[in-house]
Each structure stands twice: as structure tokens, then as C-alpha cells.
Amino acid sequence: MAKKTNKKTSREASGKAPAKAATKKAGRAKPVVTPRAKQPRSAAKTAAKAYALTEGMAAPAFRLPRDDGDSVALKDFAGRNLILYFYPRANTPGCTLEAADFTRLKARFEALQTAILGVSADPQAALQRFRNTHALGIGLASDETLAMLKAYGVWGQKSFMGKSFEGILRTTVWIDPKGRIARIWRNVKVPGHAEAVLEAIGEAFS
């Protein structure tokens, strides 16, 4: 007695797909691609943007109110070195120590044709009190608008005791006599910093 041929097996062997399966495949819906939701800017991206200032580039021009009631501009320092040091707030312990250290070394900086200017977002009157209270001998400038601070990439996200907020990132920028960025010190630790900056400039002159 002859065996019955399995229709399904013979169709598969011949390579022909069932008509029903082909119809089902032809009518299958394409997957829908949903655009990704816009993600909040990460801390890394914020930091990268904040660090847009690079060594070798022309320093952004500025004019700011000074502690002595006058104003100060980048062009005032043409032909000599300028140390711009950015600090979070006048009359706080770390900022007071940093200002005192730069004041103590002022004469040695001047011997290397280098001026020093501290910059914060404090009001001009607060800088006058800061200078007088601690007998500071260096220039202090106020940027309440934050325009210059942002141009130099020193205004960004900070954290303290688990809280995140925007403020000045303690940074020092050395601008050479031609108005270009010679060196940048980021995430500055105050103790010994003024000495380290003086040593770097001294080495460049030697």
C-alpha cells in the first residue's frame, strides 16, 4: 500500500511557502520608531561647555566695576601678564585666604611684569568692604551681570552638602602680554595656589 505524501512536508521541501503564510507576512505592520524624548543636559555636558576657554586663544574682552569705584578693562593690561583669579564670594574663609596670598606676593608678581585681578559676582560695595577689612593690595572686580564670568567659562553647576546650585567655579587664568590665554588652573585648591602661579610665571621668564 502506497504511503500518503505529507502535503506540508512536500511544500517545505520544494521551497514554496504556504499562500496563507505569505499573505500574513505581506500584511505585517512595520515597527513604529518613537523619537527619543529630549534628555536633560548632563553634568558632563555642562562642564564641557563651561570649559570652552582654552589655552592659546584670545582672552575675551571685558570692562567691569572695580573695588576703588572706577572700572577696569582687559586692554588696561596690554603689554604685560595678567592673572585673573575667579573666586566665589568675598569675605568667606577660602576667598579671604586666596586674596591675602596674592596680596602677600604682589611685589614678586610685579617684578615679573604681572598684574593680579580678582573677579567675583559680589556687588562693588562688597568688594570695597572686603579690600578695606583685610587690607588687600590687589585689584578686585565685580561682575553682577555674569556676562564676563560666563565668557571665561567659570560660571557653572556646583554642589555643596548634597545640594546643587550655580556659582563661580574657582579658577585662575593667566593672560600673556599679547592678550592670549597662557594657562588655566581649574578646580583650584587655595592653599599654596598663589605660590604655584608665581612659580609658573617665573619659569616662563627664566
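A residue counts as buried when its relative accessible area is under 20%. Asp101, with a relative accessible area of 10%, is therefore buried. The views below are close-ups of a predicted model.

**View 1. Arg104 and its two salt-bridge partners, Asp101 and Glu195.**

**View 2. The salt bridge between Glu98 and Arg170.**
The side chains of Glu98 and Arg170 meet at an N to O distance of 2.7 Å. Glu98 is part of helix H4 (residues 93-104), while Arg170 sits in the loop between E7 and strand E8 (171-175), so the pair ties together parts that are 72 residues apart in sequence. Glu98 and Arg170 are both buried. Side chains of opposite charge can pair when their charged atoms come close.

**View 3. A salt-bridge network of Arg66, Asp67, Asp68 and Arg131.**
Salt bridges link these four residues, Arg66, Asp67, Asp68 and Arg131, in a network. The structure as a whole holds seven salt bridges.

**View 4. The largest pocket, with a volume of about 370 Å³.**
Its lining is made of 14 residues, and those closest to the centre are Pro88, Lys158, Ser159, Phe165 and Ile168. Two elements give two or more residues each to this lining: strand E6 (155-160) and strand E7 (163-168). By residue type, the lining of the largest pocket has eight nonpolar, three polar and three charged members.

**View 5. A nonpolar surface patch made by Phe160, Met161 and Phe165.**
The patch formed by Phe160, Met161 and Phe165 covers about 380 Å². Met161 is found in the loop between E6 and E7. With a relative accessible area of 74%, Met161 is exposed. Phe165, a member of this patch, is also one of the residues closest to the centre of the largest pocket.

**View 6. The second largest pocket, with a volume of about 210 Å³.**
Fourteen residues line the second largest pocket, and Phe77, Lys106, Ala115, Ile116 and Gly139 lie nearest its centre. Helix H5 (106-111) and strand E4 (114-120) are the elements that give two or more residues to the lining of this pocket. The largest share of the lining, four residues, comes from E4. The residues that line the second largest pocket divide into seven nonpolar, three polar and four charged.

Terms used: Residues numbered from 1 in each chain as written. Predicted model: local features only at pLDDT ≥ 70, side-chain atom pairs only at ≥ 80, totals over all residues. Heavy atoms only, no water. 1 Å grid on protein atoms, 1.4 Å probe; cavity = no way out; pocket = protein on both sides within 12 Å on 5 of 7 lines; lining within 4 Å. Points joined across faces, edges and corners; volume = space filled by probe spheres on them. Nonpolar A, V, L, I, M, F, W, Y, C, P; charged D, E, K, R; others polar. Patch = residues over 30% accessible without salt bridge, like charges linked within 9 Å, V, L, I, M, F, W, Y side chains within 5 Å. Areas by Shrake-Rupley, 256 points an atom, 1.4 Å probe, with all protein chains shown as cover. Buried < 20%, exposed > 50% of the residue type's maximum accessible area, 1.4 Å probe, protein only.
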